[in-house]
Amino acid sequence: VRRAPKDRRPSVLALANQKGGVAKTTSVASLGAAFAELGKSVLLVDLDPQACLTFSLGIDPDTVETSVHEVLTQGAAVADAVLHCDEGLDLVPSTIDLAGAEAMLLARPGREYVLRTALEGQTAAGAGSAAYDVVLVDCSPSLGVLTLNALTAASGVIVPMPAEMLGHRGVGQLLDTVADVQRILNPDLEVLGILPTLYDGRSRHAREVLADVGERYGVPVLDPPIPKTIRFAEAPAVGRSILSTARTSKGAAAYREVAAALLKRC
Ligand code: ADP
Ligand code: MG
């Protein structure tokens, strides 16, 4: 894997949506694998106490010694938490301990900046993420301190959203939070776009919603939408993303196209 020059900062992309089941984790694993296929060095950060990303990369959270929890609450170095996974991906794993981090961080001044500082490698403990081209952060389904940490560390945010749900209020709520973060915590945060997921092209409703969502919220809509396919359900069971379990599927192709388009912009 080609390493980025030490003085260059990686693109840090947060995948956030306060709803569960919208394909955040699937998108992090799939886009990560797609970036790696394109020759980029990729770090994934599991910022969800449910540790679904960690599981999906074939790691049992119960066997993890240093996780993102220790990075956020005990000043552990990112490099000490990194695990090397299949498909050329590095992972900062999560464990259920992370459920307690939210409360521990609340008492801390600068609590929203902890992940950013850790990734920048400015902790006494040592190295951060400078060796990577791209860092993808998988958020938990909430707008709490952990997600604020992701948005504060990020250069860009992607909002995965099932095409069917794009008309709902949730998108507006999340974009309001992003606007607050831009104003108060991270003026450089860019909304890279809504990523329509679980897309059923046969549904007229889905097609119609997709057509006007960009205008409605004034943010880009990433293209192509990710089609709904049964192949996604099979991938996590074997610890690999759909890009290697179903190389030629439409879903894998869509993630590859989105990843290539994102790379041009970052
Ligand atoms: P989140 O992280 O937002 O909670 P997940 O990535 O865990 O969402 O996805 C929720 C469920 O939807 C999982 O069971 C996953 O396998 C499934 N899924 C995700 N993307 C697709 C897709 N394009 N087609 C079919 N199922 C999908
Ligand atoms: Mg998830």
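Strand S1 (residues 11–15) has five of its five residues buried, so the rest of the structure largely encloses the strand. The model is predicted. S1 belongs to an open sheet of seven strands. Ligand 1 is surrounded by 13 residues. The structure holds zero disulfides.

**Strand S1**

- Both faces of S1 are covered.
- One side carries Ser11, Leu13 and Leu15, and these are buried.
- Which strand does S1 join through five bridges? That partner is S5 (residues 134–139), and the two run parallel.
- Within S5, Leu136 is the bridge partner of Leu13.
- Val12 stands opposite Val135, also in S5.
- S1 pairs with strand S6 (residues 156–162) as well, over three bridges in the parallel sense.
- On the S6 side, Leu15 has Ile158 as its bridge partner.

**The whole sheet**

- The strand order is S3-S4-S2-S5-S1-S6-S7.
- The pairing in this open sheet is mixed.
- Strand S3 (83–84) and strand S7 (190–197) stand at the edges.
- Each edge strand has a single partner strand, so one side of each is left without a neighbour in the sheet.

**Ligand 1 site**

- Of the 13 residues around ligand 1, the closest are Gly21, Thr25, Thr26, Pro227 and Thr229.
- By class, the shell has six nonpolar, five polar and two charged residues.
- Which element gives the most to this shell? Helix H1 (residues 24–37) does, with three residues.
- Gly21 places a polar backbone atom 2.7 Å from an oxygen atom of ligand 1.
- Thr25 places a polar side-chain atom 2.8 Å from a ligand 1 oxygen atom.
- Thr26 has an N or O atom in its side chain 2.6 Å from an oxygen atom of ligand 1.
- Ligand 1 exposes 560 Å² when taken alone, and the protein buries 74% of that.

**Cysteines**

- A disulfide is a covalent bond between the sulfur atoms of two cysteines.
- The structure holds zero disulfides.
- Cys85 is in no disulfide, and its nearest cysteine sulfur, that of Cys52, is 15 Å away.
- Is Cys85 buried or exposed? Cys85 counts as buried, because its relative accessibility is 13% and the cut-off for buried is under 20%.
- Cys139 is in no disulfide either; the nearest cysteine sulfur is again that of Cys52, 13 Å away.
- Cys139 has 1% relative accessibility, so Cys139 counts as buried.

**Loop residues and backbone geometry**

- Ala51 has a phi near 55 degrees, a positive value in a residue other than glycine.
- Ala51 sits in the loop between strand S2 (42–47) and helix H2 (52–56).
- With a relative accessible area of 3%, Ala51 is buried.
- Glu87 also has a positive phi, near 65 degrees, and is a residue other than glycine.
- The loop that holds Glu87 lies between S3 and strand S4 (89–92).
- Where in the chain is the cis peptide bond of Pro224? The bond runs from Asp223 to Pro224, with omega near 0 degrees.
- Pro224 is found in the loop between helix H9 (204–217) and helix H10 (231–234).
- Leu185 is in the loop between helix H8 (170–184) and S7.
- Leu185 is buried, at a relative accessible area of 15%.
- Leu185 and Leu148 are 37 residues apart in sequence. In space, their C-alpha atoms are 8.8 Å apart.

Methods
Residues numbered from 1 in each chain as written. Chains lettered and ligands numbered in written order. Predicted model: local features only at pLDDT ≥ 70, side-chain atom pairs only at ≥ 80, totals over all residues. Heavy atoms only, no water. Near = heavy atom within 4 Å. Polar contact = N/O pair within 3.5 Å; in protein donor to acceptor, adjacent residues only side chain to side chain. Areas by Shrake-Rupley, 256 points an atom, 1.4 Å probe, with all protein chains shown as cover. Helix = DSSP H or I, 4+ residues; strand = E, 2+ residues; numbered from the N terminus. Nonpolar A, V, L, I, M, F, W, Y, C, P; charged D, E, K, R; others polar. Disulfide = S-S within 2.5 Å. Buried < 20%, exposed > 50% of the residue type's maximum accessible area, 1.4 Å probe, protein only. Pairing = 2+ DSSP bridges.
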